[in-house]
Amino acid sequence: MRFCPRLIFDASAVTYLCLFLSVFLSQLIFEKDGVNLHTNAKRSNQDTAIPGFIRIVERAGIPALEWSPLEDKGRCAPAVLYSKKDGEGGEEDTNFDPGYEPDWAVISNVKKEREQVLVKDSGQWAFSLPLSELHSIRRTRFSLGRNFLVLTSRGGHPLPPLHFHRGGTRELLGALQRYIVLDQSPVDGRLYLAYPHDSGALSQSFDKLQLFDDGGADLVSRFIHDPYATTFGGFSKVTNFFRAAIRPPDAPFNARSAQNLPFQPDDEPGFELITCGVALGPKPEVTRGTPLDKWEEFLDAEGRVKNPDRVRELVFRGGIKPSQRKEVWKFLLGFYPWSSTAQERQDIIRVKTDEYFRMKVQWKSVSEEQEMRNSLLRGYRNLIERDVNRTDRHNTFFSGNDNPGLTLLHDVLMTYCMYNFDLGYVQGMSDLLAPILFVTQNEVESFWCLTGFMELLHQNFEESQEAMKQQLNQLSILLKALDPELFDFLDSQDSGSLCFCFRWLLIWFKREFSFEDILILWEALWTRLPCENFHLLIACSILESQRGELIGSDHDFNTILKHINELTMKLDLLEIIQRAEGIYLQMIQCKELPQTVQQVLGLYVSSSSEDDSPDNSETQKTYLLLLKTHTEGTWTVTVVQRKGASLSLVCPIAFGFCSFNSSL
């Protein structure tokens, strides 16, 4: 009998042997650190970004894309596999949600304590995805200023979003193309579809696609009689082919939902709509008027404002004389109703004064011992004292030490914390109050004017910052329509989120213009003319003024941010306002203005009753848009009809000043 020796290994020896063989047979192709994986701990105040590194590794000739946290860099392979389809082994987190809403700490350090939410250990988020299992790569954004890559496996499972904190996405995509073909989706510029190099999906000939079902003379005959239908009927099949390719694996195909296109009754069956942008036409020239003066002439015998619309138009067109600002601002900010008499305004001052000092006493009467047990109030006070000492100190009203203007600034902000417990004080609110206090030079009046201003902007300071995200999204919609080339350039440099405009929108350009200019800009914006969200058109105007400096340059994300920040105090306000109004006129005169742009500007508001109407497709609504002509005192009213999402100019009528009902 021949003796056959047997080798006996314990479990640890087998583990180390497998690890040794894995290292010996693997080859590192690409590696990049500074790649943060973002979990979905939406309701946690913990940091959800896990720093790590990404790499492409060949093991036994099989390439894979892997991410591991920094603490695991010494390991050979991540422990958790997201790559396999059902029934092929490996572990998958079926509860993973790729959504991402970070707990931004941009505007306030004072927060109520929350219940802590446990997050998985960082090592459990590691993954290894064989490139043969990669279905697509999407560039996307879930928050301000951050671009992410989201990988989706052929099983239809998205992996956690990856943020390249130090750049490197282009290098990664270049390395991946050594093994796979990355083809940009024809209907989504941020989606890249992954195919093996030998894939037949992209090598199908036109014959296999059967662009023209019939051949020979019948094809020639149909082409002669209707070349348009014959040619584009075939091309529509190419569109359908790519749509089938980009839909999630195993998902039902719906030609309409692929592009989220609403059904139009006049669409030709069998054809797909291709949107190539909208030609806005020339930008009208706009001139500024003279500042509003002689306020008494706008009041009747009892002190009522005779024509509020006329006042707002004059303020928007030319601003207000400095000597008249104190009175007019109180109307613009809602402290005085436009219909109030002089006697009623005196009563308002008396009531509001009593109310203000009752709230002021509340925080004034809190002892130091009480405040030690009130972390929220103590935090607000610390923030206010810090911000007051650095707000507009170059202005003589706030300069120097022991300045009474600083005391008023502090007291009004502390009282606002008593007025609005939910919001309290948030960094940036001192910037909003300082110009108001400078103009009114009255503690009570400045407080109530601030509350009116905050009615417009309070959502900017809410902790969720949903309003700021929405405004940046609306700004991108406007910029895409106004200047697609500029937007595409910014997007190509990871600046398409327009995060560098965050400060502009948060405090309405307070740090971008001089103190004197900001008084003119704010009073124009307070009129709410000529449309909703005119401040977004101001932002578009600034960006458009810089297109020559940006496009064609060597700017990247960092230098774009630097360039925008260096615009502070270098912008011509009057030119910016005129350009912004010209953009508005340019857009509303476009007959095919996209519905999303109309919604941002307040030109189109869908209602539930309209949507539920059985003859909704035939419904038309008429809007009256007031447009100022170049002749002083003359207006042009343009009647605009909407059918679906399209606008059509019906008739311009010129006459003297008038008002209109916005509910028409």
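Modeller: Let's take helix H11, whose buried residues are Gly-405, Leu-406, Leu-409, His-410, Asp-411, Val-412, Leu-413, Met-414, Thr-415, Tyr-416, Cys-417 and Met-418. Here "buried" means under 20% relative accessible area, with over 50% called exposed and the range in between partly exposed, using a 1.4 Å probe and protein chains only. Please keep in mind that this is a predicted model, where local features need pLDDT of at least 70 and side-chain atom pairs count only at pLDDT 80 or more, while totals for chains, interfaces and linings use all residues. Residues are numbered from 1 along each chain as its sequence is written, and side-chain values use heavy atoms, leaving out hydrogens and water.

With 12 of its 16 residues buried, H11 is mostly covered. Part of that cover comes from helices H8 (342-364), H10 (375-388), H12 (429-440) and H13 (443-457). Helices (H or I, at least four residues) and strands (E, at least two) are DSSP runs, numbered from the N terminus.

Now for the length of H11, which covers residues 404-419. The expected span of a helix is 1.5 Å times one less than its number of residues. For the 16 residues of H11 that gives 22 Å, and the end C-alpha atoms are 22 Å apart, so the two agree. At the start of H11, a side-chain oxygen of Asn-403 comes within 2.7 Å of the backbone nitrogen of Gly-405.

Let's step back to the whole chain. Of the 664 residues, 44% are buried. Looking at contacts (heavy atoms within 4.5 Å), residues 24 or more positions apart supply 64% of those with a separation of 6 or more.

The chain also has nonpolar cores, meaning sets of buried Ala, Val, Leu, Ile, Met, Phe, Trp, Tyr and Cys residues joined through side-chain atoms within 4.5 Å. In soluble globular proteins, nonpolar side chains tend to be buried together. The largest core here has 116 residues, and Phe-461, Leu-521, Ile-538 and Met-587 touch the most other members. Helix H21 (residues 573-588) gives the most to this core, nine residues in total. Leaving aside residues up to four places away in sequence, Ile-538 touches Phe-509, Leu-521, Leu-525, Ile-576, Ile-577 and Ala-580. A second, separate core has 27 residues, among them Ile-50 and Leu-159.

Strand E2 (residues 49-59) has 10 of its 11 residues buried, so the rest of the structure largely encloses it. Two strands pair if DSSP finds at least two bridges between them. E2 runs antiparallel to E1 (residues 26-38), with 11 bridges joining them, and Asp-33 stands opposite Phe-53 in E2. E2 is also antiparallel to E3 (residues 62-69), through eight bridges. Across that pairing, Ile-54 stands opposite Trp-67, and Glu-66 in E3 is the bridge partner of Arg-55. Seven of the eight residues of E3 are buried. E3 pairs in turn with E4 (residues 127-130), antiparallel over four bridges, where Ser-128 is the bridge partner of Glu-66.

Terms used. A polar contact is a pair of N or O atoms within 3.5 Å; within protein, one must be able to donate a hydrogen and the other to accept it, and residues adjacent in sequence count only if both atoms are side-chain atoms.
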